[in-house]
Amino acid sequence: MSLENKAKTTAKNVEGKVEEAVGNLTGNHEAQAKGKAKQAEAAVESAVEDVKDKVKDMTN
């Protein structure tokens, strides 16, 4: 995973955690759900990049 992609994925994950935490504190279920969704999206992006890296390593 390129450093730029890793930084973006990490930022999205942190943003999701913050949004979920704010939702938890305020009782805002929509914010909680959006935060969890951002975290899940970041996890998928990270997994896709890991697969790309493994394929790249196998072909080299």
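**Close-up 1. Salt bridge between K12 and E41 in the predicted model**. The closest N and O atoms of K12 and E41 are 2.7 Å apart. K12 belongs to helix α1 and E41 to helix α2 (residues 29-59), so this pair ties together parts that are 29 residues apart in sequence. K12 counts as partly exposed because its relative accessibility is 21%, and E41 is also partly exposed, with a relative accessible area of 39%.

**Close-up 2. Salt bridge between K12 and E45**. Here the closest N and O atoms are 2.9 Å apart. The pair links distant parts of the chain, with K12 in helix α1 and E45 in helix α2, 33 residues apart. E45 has a relative accessible area of 28% and is therefore partly exposed.

**Close-up 3. Salt bridge between E49 and K52 within helix α2**. The closest N and O atoms of this pair are 3.5 Å apart. E49 and K52 are separated by about one helical turn because they lie 3 residues apart in helix α2. E49 counts as buried, since its relative accessibility is 13%, whereas K52 is partly exposed at 48% relative accessible area. Elsewhere, salt bridges that share partners join K12, E41 and E45 into one network. The count for the model comes to 7 salt bridges.

**Close-up 4. Nonpolar surface patch of V14, V18 and V22**. Together these three valines have about 240 Å² of accessible area. V14 is placed in helix α1 (residues 3-26). With a relative accessibility of 45%, V14 counts as partly exposed.

Terms used
Residues are numbered from 1 along each chain as its sequence is written. This is a predicted model: local features need pLDDT of at least 70, side-chain atom pairs count only at pLDDT 80 or more; totals for chains, interfaces and linings use all residues. Side-chain values use heavy atoms; hydrogens and water are left out. Patches are made of residues with over 30% relative accessible area and no salt bridge: like charges are joined within 9 Å, nonpolar side chains (Val, Leu, Ile, Met, Phe, Trp, Tyr) within 5 Å. Accessible areas come from the Shrake-Rupley method with a 1.4 Å probe; for residues, only the protein chains shown count as cover. A salt bridge is a side-chain nitrogen of Lys or Arg within 4 Å of a carboxyl oxygen of Asp or Glu. Helices (H or I, at least four residues) and strands (E, at least two) are DSSP runs, numbered from the N terminus. Buried means under 20% relative accessible area, exposed over 50%, partly exposed in between (1.4 Å probe, protein chains only).
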